Amino acid sequence: MSPMARTAPVPAATDPSIIRNFCIIAHIDHGKSTLADRMLQFTGVVQPRDMKAQYLDRMDIERERGITIKSQAVRMPWEVEGTAYALNMIDTPGHVDFTYEVSRSLAACEGAVLLVDAAQGIEAQTLANLYLAMENDLTIIPVLNKIDLPAAQPEKYAEELANLIGGDPADVLKVSGKTGVGVEGLLDRIVADIPAPVGDAAAPARAMIFDSVYDTYRGVVTYVRVVDGSLNPRERIQMMSTKASHELLEIGVISPEPIPSKGLGVGEVGYLITGVKDVRQSKVGDTITNLSKPAAQSLGGYQDPKPMVFSGLYPLDGSDYPDLRDALDKLKLNDAALVYEPETSAALGFGFRVGFLGLLHLEIVRERLEREFNLDLISTAPNVIYDVTLEDTSVVTVTNPSEFPTGKVKEVREPMVSATILAPNEFVGAIMELCQGRRGQMKGMDYLSEDRVELRYWIPLAEIVFDFFDQLKSKTRGYASLDWKADGEQAADLVKVDILLQGEQVDAFSAITHRDKAYAYGTMMTAKLRELIPRQQFEVPIQAAIGSRIIARENIRAIRKDVLAKCYGGDITRKRKLLEKQKEGKKRMKMVGRVEVPQEAFIAALTTDESKDKAKK
Amino acid sequence: MPSALPLGDPAPADGVLPPQAAVGAGERGFSLYAHIPFCAVRCGYCDFNTYTATELGGGASQAAYAATAASEVRFAAAALDASGVPRRPMSTVFFGGGTPTILPASDLAAILAAAVDAWGLEPGAEITTEANPDSVTPASLEALAEAGFTRVSFGMQSAVPHVLKVLDRTHSPGRVPEAVRWARDAGLDVSLDLIYGTPGESMADWRASLDAALACDPDHVSAYALIVEDGTKLAAQIRRGEVPETDDDEHAEKYELADAVLAEAGYAWYEVSNWARGAGGDSPEGARYACRHNLAYWNGGDWWGIGPGAHSHVGGVRWWNVKHPTAYAGRLARGESPAAGRETLDAETRHTERVLLGLRLASGLPVADVPVEGRAAVAGLIADGLVEGPAALRGRLVLTLRGRLLADAAVRRLLP
Ligand SMILES: Nc1nc2c(ncn2[C@@H]2O[C@H](COP(=O)(O)OP(=O)(O)OP(=O)(O)O)[C@@H](O)[C@H]2O)c(=O)[nH]1
Ligand SMILES: C[S@@+](CC[C@H](N)C(=O)[O-])C[C@H]1O[C@@H](n2cnc3c(N)ncnc32)[C@H](O)[C@@H]1O
Ligand code: SF4
Ligand SMILES: [Mg+2]
């Protein structure tokens, strides 16, 4: 077994042959960050007294939810047979919303540790991430984790894994990120199996930007992987796509805190700071070169992630609108996937239509805005994007149901995804039923092992992205896992359902649904609003309509009593305080026509049930 | 007095009021409230500051209470003098509770005598005590009248046994007409308190209670919707599902019935929850049976409230005493003000209070008292049928029947 390295290779003077770049990929919660902890510990870059669980999950929101959102790269020394190696490890997120983080990380590596929970086996994101790694032509090291668990079945899953990757079950490593068992062996194996990076040290520098983060104190911090040549402190660098040049104020490696270095050479992974304030000037996927000796050809970039889900974000207090805009601008610096543009809602005032990678992404952005920027927000019901073709063949792209054209619609197209579901075979019937109900088309079914099945569906994004996963979990007692990726579009019989309060349409509550589901949405929403909107001095009809056709109706009866009729004697102060409280309440009302709607009603009506559950956890 | 005390500024130990209290005091009337914080049993719905123990410790026993209260009277007179507020004879006195008549009539007489001693009485002053129907006898009522009391307000609440039971009341329905007769014999004016909307009370039950009250031929009726106060036994029973919830729509219907039945019998409303025999309004001629003490509260008059948890108001300064009788007795024994906190109202708050209180009166709120920002709402209130159109044209906002039921909403619309 290898000892901790006595001397660590020095950045900028490290021969590529002793560098190993790898990332840890897995299904969500299979233990990537915990395994990374043990690596940080065994390689000595984090002292025992500084150690804490999931060390690399640094954001509050990551720690609270116990999930990784952002990839983190760390340089660690490791000695094998007297040679000290430099390992660059990238811990990646497991949730499907953040797949694009994984793909960027993969492009900075030659190998990947494919981690599988030995009590769970292969799950949908195991497959998805494995395929991504294979597309990037990485060397895969299959590893079973959590072998300390009593429920672990290492032999069974080693076989499953070997079947999947090709190879001998005996080659599958067995570790516990919790106890540390097998982790040193894994580090040795990384050195042995993963190829060293290759590049031309004499060529003009080419470094790939794989992440770009805004830091309040230091401005934009850019993470790079050097392919050819070298980058040195205080020289001028150039962004190959924009030709913009910047001075390098600082360059270094993360270990696991930033450590300035004399530069970065071929195959090295590190960070640089140029003093730019806007991440857009340091675009993920761009290639950095030396200004004095620029490279002729840039490295292949990444595709920008495409937002899948849209929602309106509005400040509870209209006067916070400028603060919300600033907050989004700042957050965008860290989150290239975030897109937004201003919109106005008759009911909610000024806000933004924001595009997200998925519901978790939505929730996290919303929570960060509320927490880090101290904003109170309403988010409208999320929806996907539609292309609507009118009779005159013009096409309207709809990201907000209220933009759905009212005129003659010829065709509505909706985004589709390829979904992969893994589950024990006893649940196949239930899953098929669920997917059919969600307008899915079965594309194939394979047995991964005797009792585990992979089902593939082509299914509308709108059907899968909201409450599908919860349904799937409950129908399979939690055993199924799901992965999906965008895959084309289809024409469908989609309609817009409007909600009217006292005859007045409330744009924030409109939704686009399949015609077969319009009635269900209408009755659900009108019933919900009936509960949420307090009685007014007059009767308030709540209707759901497709165009001018009413499909559901509820009624809020007029309030008859709103007076305190009790003898309070001389305690006028109490009476007045009560009035003040009532008036405070009134201030938190949005007027929809003459109807006073509490903010809470908007929030509650627009909160999907599954996001409520997640907030609880 | 309801239990929870407001949060306010600290009040000084000498009880001296800020200068604004004295401004214009000579032109205002002066009233006294005396709180008697004892009851035989606590009713399940009640959150008033009252105690069932006869001995509370620290010198706070029922037996010692009259002397303690009288000492606050003397403290009050001195503090007002020191504040430059001229002594004025009392125009109204009100003994409330708790159950004032749980104390011997001689104790109530002694407290009253101390007050008369300090300030004197206006000719024709109204002197009321609250009473539980089963806490009086012909002799005690006789003695109260003898001591100068002019009026008694009985907590009748209902005439229906199963309703009285839910309310935890100890008296039998027959006791009320009897007590009223004794009060009449003693020469006292009589008011009856009713509560409507008790869980399990039908429309017919309520009608029966109204009829029973009218059969007593009272001078005055207060009818309150049952409020489920936090922390009461009733609130717990409802939470546990042992007693059904109260219903605002039903309250509204019962209020409408009360107003119709009372009007029919010759009682006119002069405040949202109060009806008096004969003409309504707080004009001198209409006010013969209206409770002038309560009108003083609602018209922003000056009064000193003695007793634990009692509230006072003099010239835009409001204060309230410590809640517990033991703390109260301790303060007075040390010669300190029993006030727990106070607030000095600024012009805007006084304005708010004027609207809040004035709009509940049949005499109406002068349109001139509505803040300029709220005037625009007046037309809407008339259009929505909450405020009488013709009276508004004459410069006063008077609530309609519908408006009385939505009075709080009307106030919110008038205030910025
Ligand atoms: N018993 C046991 N539990 C483990 C082990 N490794 C991780 N866990 C637990 O599994 C849970 C998930 O661990 P993480 O390290 O956060 O998993 P992850 O793969 O980084 O999760 P994401 O980043 O959200 O995809 C935590 O509760 C860990 O304590 C292990 O080897 N044994
Ligand atoms: C100070 S209290 C009680 C006087 C006297 N102890 C009695 O109960 O007969 C004055 C009146 O307030 C009313 N009251 C008390 N608590 C109430 C509640 N929770 N809801 C409505 N009215 C209430 C009752 O009508 C009561 O008669
Ligand atoms: S008797 Fe009156 S004051 Fe006493 S508890 Fe009952 S309602 Fe409250
Ligand atoms: Mg993690």
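The entries follow in the order in which I looked things up.

**Ground rules**

I worked from a predicted model, where local features need pLDDT of at least 70, side-chain atom pairs count only at pLDDT 80 or more, and totals for chains, interfaces and linings use all residues. Residues are numbered from 1 along each chain as its sequence is written, chains are lettered from A and ligands numbered from 1 in the order in which they are written, and side-chain values use heavy atoms, with hydrogens and water left out.

**Chain A overall**

I began with secondary structure. Chain A has 15 helices and 31 strands. These are DSSP runs numbered from the N terminus, helices being H or I with at least four residues and strands E with at least two. Of its 617 residues, 59% count as buried. Buried means under 20% relative accessible area, exposed over 50%, and partly exposed in between, with a 1.4 Å probe and protein chains only. I then looked at contacts, meaning heavy atoms within 4.5 Å. Among those in chain A between residues at least 6 apart in sequence, 69% join residues at least 24 apart.

**Magnesium site**

Which protein atoms are donors to the magnesium ion, ligand 4? I found Ser33(A) through OG and Thr68(A) through OG1, at 1.9 to 2.1 Å. Ser33(A) sits in helix H1 (residues 32-42), and Thr68(A) in the loop between helix H2 (60-65) and strand E2 (72-80), so the pair ties together parts of chain A that are 35 residues apart in sequence. Donors here are N, O and S atoms within 2.8 Å of the metal (3.2 Å for Na, K and Ca); water is not among the atoms, so sites may look incomplete. Ser33(A) is buried at 7% relative accessible area. Thr68(A) is buried too, at 11%.

**His30(A) and the Lys146(A) pair**

I moved to His30(A), in the loop between strand E1 (19-26) and H1 of chain A. His30(A) is buried, with a relative accessible area of 2%. Beyond residues up to four places away in sequence, His30(A) touches several others, including Leu115(A), Asp117(A), Asn145(A) and Lys146(A).

Two of those partners also form a salt bridge: Lys146(A) and Asp117(A), with closest N and O atoms 3.2 Å apart. The pair links distant parts of the chain, 29 residues apart: Lys146(A) is in the loop between strand E5 (139-145) and helix H5 (154-165), Asp117(A) in strand E4 (residues 111-117). A salt bridge here is a side-chain nitrogen of Lys or Arg within 4 Å of a carboxyl oxygen of Asp or Glu. Is Asp117(A) buried or exposed? Asp117(A) is buried, at 3%, whereas Lys146(A) is partly exposed, at 23%.

**Ligand 3**

I listed the residues around ligand 3, where near means a heavy atom within 4 Å. Among them are Cys39(B), Cys43(B), Cys46(B), Asn132(B) and Arg169(B). By class, the shell has 5 nonpolar, 3 polar and 2 charged residues.

**Chain A against chain B**

How many residues does each chain bring to the contact? Chain A gives 27 and chain B gives 47. Together they bury about 3,600 Å², 52% of it on carbon and sulfur atoms. Gln537(A), Arg560(A) and Lys561(A) lose the most area on the chain A side, together 21% of what that side buries. Buried area is the accessible area (1.4 Å probe) that two parts lose on being put together, summed over both.

I counted 11 salt bridges across this interface. One joins Glu229(B) to Arg574(A) at 3.2 Å, N to O. Asp249(B) and Arg557(A) also meet, at 2.8 Å. That pair crosses from helix H8 (residues 248-264) of chain B to the loop between strand E29 (549-556) and helix H13 (572-587) of chain A. Asp249(B) counts as buried, at 10%.

**Other charged pairs**

Over all chains the count comes to 64 salt bridges. Within chain B, Asp168(B) pairs with Lys233(B) at 2.8 Å. These two are 65 residues apart, with Lys233(B) in helix H7 (residues 233-239). Asp168(B) is partly exposed, at 23%, and Lys233(B) is partly exposed, at 42%.

**Val595(A)**

Last, I checked Val595(A), in strand E31 (residues 595-598) of chain A. Val595(A) is buried, at 0%. Its C-alpha lies 9.7 Å from that of Glu504(A), 91 residues away along the chain. Contacts of Val595(A) beyond four places in sequence include Leu501(A), Ile533(A) and Phe538(A).

Note on methods
Nonpolar A, V, L, I, M, F, W, Y, C, P; charged D, E, K, R; others polar.
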